[in-house]
Every structure is written in structure tokens, then in C-alpha cells.
Amino acid sequence: MDFTEDQIHRYSRHIILQDVGVEGQEKISNGKVLIVGAGGLGAPVALYLAAAGVGTIGIIDGDVVDLSNLQRQVIHFTADVNKAKVLSAKEKINQLNPDVKVITYQELLTAANAIDIIKDYDFIVDGTDNFPVKFLINDACVMAGKPFSHGGILRFDGQTITVVPGSACYRCVFHAPPPPNAVPTCSQAGVLGAIAGILGTIQATEVLKYLTGVGELLTNRLLTFNAKTMEFRTIKVKHNHKCSVCGDHPTITELIDYEQATCELKSKQ
Amino acid sequence: MSTIQVNGKVQEVNAPIALIDLIKANNVEQPEMVSVQVNGEFVGRENFSTFLVNSEDEVDFLYFMGGGSRC
């Protein structure tokens, strides 16, 4: 890839990084990343990846912008209320960096479409707020051999882990989704808006590390933080040989659409 | 009293202590939802009442966390 003078200028702070350079920026510019959910986590991920010049960004989200989203979903503005989130996100990405090709999917990720959508991407980012889709992303990525970043936030806490083929997967740690409504979502329990920015930028950093090959990914380590104490911890986790999707004898061989929490279903209608 | 580590912090307990009692002592919200590692190995939920935590053990409680966007 030959960068124009403007592009060399735009990405100069990457290019002068010894670990990145022109070569690393080329890898970023050739990267294809899918962001599942254009919400609290997807917003900072999309903005930082767009700014970094990731060549292709796919965004899947079936929702429209709600006024209550704006407290943390910084890619959407007041004028975007009621607009499709994927469209609102695409507009901001294009304004920030016209180099980026944005592919939008205004739909939900399901067992039926997941493999077909993720197969075109190098890296998947989980920016969803519900466990059925978190497990779906995990299982689809494990089956398709795709790396992904899991992210979760609630109240004042966040957690993230990066999963690549062969490393501990989300299911190695959390086994199966909790029953519907057993664990509150942000819309039920609240979340400090800036937490989404902390966690989302960590996820974006992992994407850029993966694309450039710089550093050590957050694999086999679950990073957790609490904003009240501002304590960060990484907990070592192991690939579980008994894991039902990536273990030695997987029992899950097809994707599953788990039941959603009832309040989520109601708000969808 | 013996010392163990819970989520990276030192705690004094009467070891050995059943994992389920440690979960109660730490006021873990929704014990049926927590994933537990002891010395880096996961303990199946069905073994919470029989598994014994010993002196010097490192225990991690891992919680489900959603967040992000409905999708």
C-alpha cells in the first residue's frame, strides 16, 4: 500500500512509533474489524479504530439511538436520537476518517447469520450488553477460528479478555449464559458512562496490537477493574480441556440462540 | 487463623473452609452465578459445598458482566 502525503501526515504519530512504523500502519490500514454493538463499548472502539485508519470497519446493531444512550455512547449525538445506530456510527466514522470503509448491518447477530458475517473479518469486538449474544460471539469465533475481544461493564466495574484460537475462551471461564434476568444489564442496574470509554479503549488497543503484532495480547488473562477504587487486576485463566465449545470433546457443535431477558424482548417490540 | 488470598487481597480465615462458606463470608451476590478459581483451577459449581479452601490458597471470584449495546 502506498500512503499519500496526507495519510503519512495523518498517521505520523503511529508511523514514528518504533514498534509500528509504516509497516505497522499498513497492517492497520489493511485490517478488517467487526464491531458487534454500536453502544457504550462499540462507540469508543469504532472511534479509535477509525482514527487509527483501520481499513474496513463492520458494525452490526439492530437498534436506534435513544436519548438515554448519549450518557456513554459517544459516537451518537443529540441530533441522532431515533436514527439507526449503525447509520449514526457510520456518519461519524466517515467524518473522522474518510479512508475507512464502513460496512453496516442493521440487524441482530443470530445463530443463523453469525458465521456468515464474521467470516469476512480479521478480528471481532464484542460490544454487546447481553449474554446470549456474548456466548454466540464466543462460539462463532471459536468455530470460525477468529480472534475476538470480550468486554463487559456494569455499574462501576469492567472486564475484558482477548480470545484467539487455542487460548482460554469466554466459555472456558463462564461456561454457560446465566438464566434470563438473573444478571442485570446496564439498562437495569446502571453504569457510569466513562467506564464504557475505559473498557472500549482497552478493546480498541487489543485490536491494534493484534493487527500490528505488537506486544502481548490479553489472552489467558481476564482484566477486571473497579472505578471506585481504580484498581485493575489481571486474573490468569486457563484453556479448559472440558470446555463445551473449545475443549477436547466439544458438545456444542452448532450455534445457539439463547433466550433473551424478557425486558429486552419487550423493549424490542 | 490462616491467610488466603481472595481476588488478590489477603483474608484471614479458619482454614480449611468449605468454598460455599467462603462465598457466604464474602457476601458474594448471586453465588449461583459466580465462577470460582482456586490456585488457577476452576471449581465446578456442583462442588462448591464440598471443596475445601486451604491456608495460602488463592481464590478468585469471577462475575458475569454485560454492558455495551443491545444487539
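In this predicted model, helix 3 of chain A meets helix 10 of chain A through A:G24, A:K27 and A:I28 on the side of helix 3, and A:L208, A:L211 and A:T212 on the side of helix 10. By class, the residues of this contact are three nonpolar, two polar and one charged. The axes of helix 3 (residues 21-29) and helix 10 (residues 193-212) of chain A come within 8 Å and cross at roughly 115°, which makes helix 3 of chain A roughly perpendicular to helix 10 of chain A. The crossing of helix 3 and helix 10 of chain A is right-handed.

Chain A also holds an open sheet of eight strands, in the order 3-2-1-4-5-6-7-8 and with mixed pairing. Strand 3 (101-105) and strand 8 (231-236) of chain A stand at the edges with a single partner strand each, so one side of each has no neighbour in the sheet. From one strand to the next, the twist averages 15°. Strand 1 (residues 32-36) and strand 4 (residues 123-126) of chain A run parallel and are joined by four bridges. A:I35 stands opposite A:V125 in strand 4 of chain A.

| Helix of chain A | Strands of chain A touched | Angle between directions |
|---|---|---|
| Helix 4 (residues 42-52) | strand 1, strand 2 (56-60), strand 4 | about 165° with strand 2 |
| Helix 10 | strand 1, strand 4, strand 5 (148-154), strand 6 (157-163), strand 7 (221-226) | about 170° with strand 5 |

Terms used. Residues numbered from 1 in each chain as written. Chains lettered and ligands numbered in written order. Predicted model: local features only at pLDDT ≥ 70, side-chain atom pairs only at ≥ 80, totals over all residues. Axes fitted to C-alpha atoms, helices over the stretch in contact; angles between N-to-C directions. Helix = DSSP H or I, 4+ residues; strand = E, 2+ residues; numbered from the N terminus. Parallel < 35°, antiparallel > 145°, perpendicular 65-115°, else oblique. Left-handed = near helix turned anticlockwise from the far one by under 90°. Contact = placed C-beta atoms within 7 Å. Nonpolar A, V, L, I, M, F, W, Y, C, P; charged D, E, K, R; others polar. Pairing = 2+ DSSP bridges.
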